Amino acid sequence: MLKIQTVLALSFLFVASYASVQDFCVADLSKPDTPSGFPCKDAKKVSVSDFVFAGLGGVGNTSNIIKAAVTPAFTAQFPGVNGLGISIARLDLAVGGVIPMHTHPGGSELLLVIQGTICAGFVSSSANKVYFKTLNKGDIMVFPQGLLHFQINSGKGPAIAFVSFSSPVPGLQITDFALFANDLPTELVVATTFLDAAQVKKLKGVLGGSG
Ligand SMILES: *[C@@H]1O[C@H](CO)[C@@H](O)[C@H](O)[C@H]1NC(C)=O
């Protein structure tokens, strides 16, 4: 009888601890990231502040070359999303602002326009077919994982949108930065893009590249 009680108690403990592990895995940002996410923070040290992020209320700083700001709530800023396959960011686009052609290797994106007018689109990988549309307040658009896409403020005032991702670390690669903001030699950029060397050097100058 005692044995059965012990077994029952042990099973209960096992189920309880197993369930708590499955509920969440708040990122321990002091440890390195892994392909399956950050290691979990000690559950005893987890608090509600790990599941709340108050950083998306403010207007992003759009005083930059793209006249736009992305304020992320990814794992690094919001460790509670670690392992949950979800995250969000705020997009501020000043008049004339643009998020240049880019991809998120790690996740699909859902954009919701809160203010202003945004022309957004993506390019399919199979046929390079273009899907773009002018979006107004309340409109949403989805951008499939890994596909090149863009957002342009096509209105007369500032635009605000929120973008959610199907990954807590969606990643970001901006095509122009990949081509012109590094030390990839101009001759290789010319050879791989068919652009004129003068144009490549000009863009490297603007975006801080060299070579
Ligand atoms: C916005 O960014 C620019 C360029 O980095 C900087 O000079 C300026 O002080 C920033 N403005 C605010 C309000 O932080």
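UniProt positions follow the numbering used here, feature names are shortened, and annotations may be inferred rather than shown by experiment. With that in mind, UniProt places the feature "binding site" (unreviewed entry) at His102, His104, Glu109 and His149. These residues span 48 residues in sequence, yet no two of their C-alpha atoms are more than 11.9 Å apart, so they gather at one spot.

This is a predicted model, in which local features need pLDDT of at least 70, side-chain atom pairs count only at pLDDT 80 or more, and totals for chains, interfaces and linings use all residues. Residues are numbered from 1 along each chain as its sequence is written, and side-chain values use heavy atoms, with hydrogens and water left out.

**Overall build**

- The protein has four helices and 10 strands. Helices (H or I, at least four residues) and strands (E, at least two) are DSSP runs, numbered from the N terminus.
- From the N terminus on, the order of elements is α-β-β-β-β-β-β-β-β-β-β-α-α-α.
- Of the 211 residues, 33% count as buried. Buried means under 20% relative accessible area, exposed means over 50%, and partly exposed lies in between (1.4 Å probe, protein chains only).
- The accessible surface comes to about 12,300 Å², and 66% of it belongs to carbon and sulfur atoms. Accessible areas come from the Shrake-Rupley method with a 1.4 Å probe; for residues, only the protein chains shown count as cover.
- Among contacts between residues at least 6 apart in sequence, 67% join residues at least 24 apart. Contact means heavy atoms within 4.5 Å.

**The annotated site**

- UniProt's "binding site" (unreviewed entry) includes His102, His104, Glu109 and His149. From this set, the lining of the largest pocket takes in His102, His104 and Glu109.
- The pocket search uses a 1 Å grid over the protein atoms alone. A cavity is a set of points where a 1.4 Å probe fits but cannot get out, while a pocket is an open set with protein on both sides within 12 Å along at least five of seven lines. Lining residues have an atom within 4 Å of a point.
- His104 sits in the loop between β3 (98–103) and β4 (109–115). His104 is buried, with a relative accessible area of 7%.
- Leaving aside neighbours within four places in sequence, His104 is in contact with Glu109, Gln145, Gly146, His149, Phe165, Pro170, Gly171 and Leu172.
- Glu109 lies in strand β4. Glu109 counts as buried at 3% relative accessibility.
- A polar contact of 2.9 Å joins the side chains of His104 and Glu109. A polar contact is a pair of N or O atoms within 3.5 Å; within protein, one must be able to donate a hydrogen and the other to accept it, and residues adjacent in sequence count only if both atoms are side-chain atoms.

**The disulfide**

- A disulfide is a covalent bond between the sulfur atoms of two cysteines. Here the test is a pair of cysteine sulfur atoms within 2.5 Å.
- A search of the whole structure finds one disulfide. It joins Cys25 to Cys40, with an S to S distance of 2.1 Å.
- The torsion about the S-S bond of Cys25 and Cys40 is about -110 degrees, so the disulfide is left-handed.
- Both Cys25 and Cys40 lie in the loop between α1 (2–23) and β1 (68–73), 15 residues apart.
- Cys25 is buried at 16% relative accessibility, whereas Cys40 is partly exposed at 41%.
- Another cysteine, Cys119, counts as buried at 13% relative accessibility.

- Asp196 lies in the loop between α3 (186–193) and α4 (197–207).
- Asp196 counts as exposed, at 56% relative accessibility.
- Asp196 and Thr186 are 10 residues apart along the chain, and their C-alpha atoms are separated by 9.5 Å.
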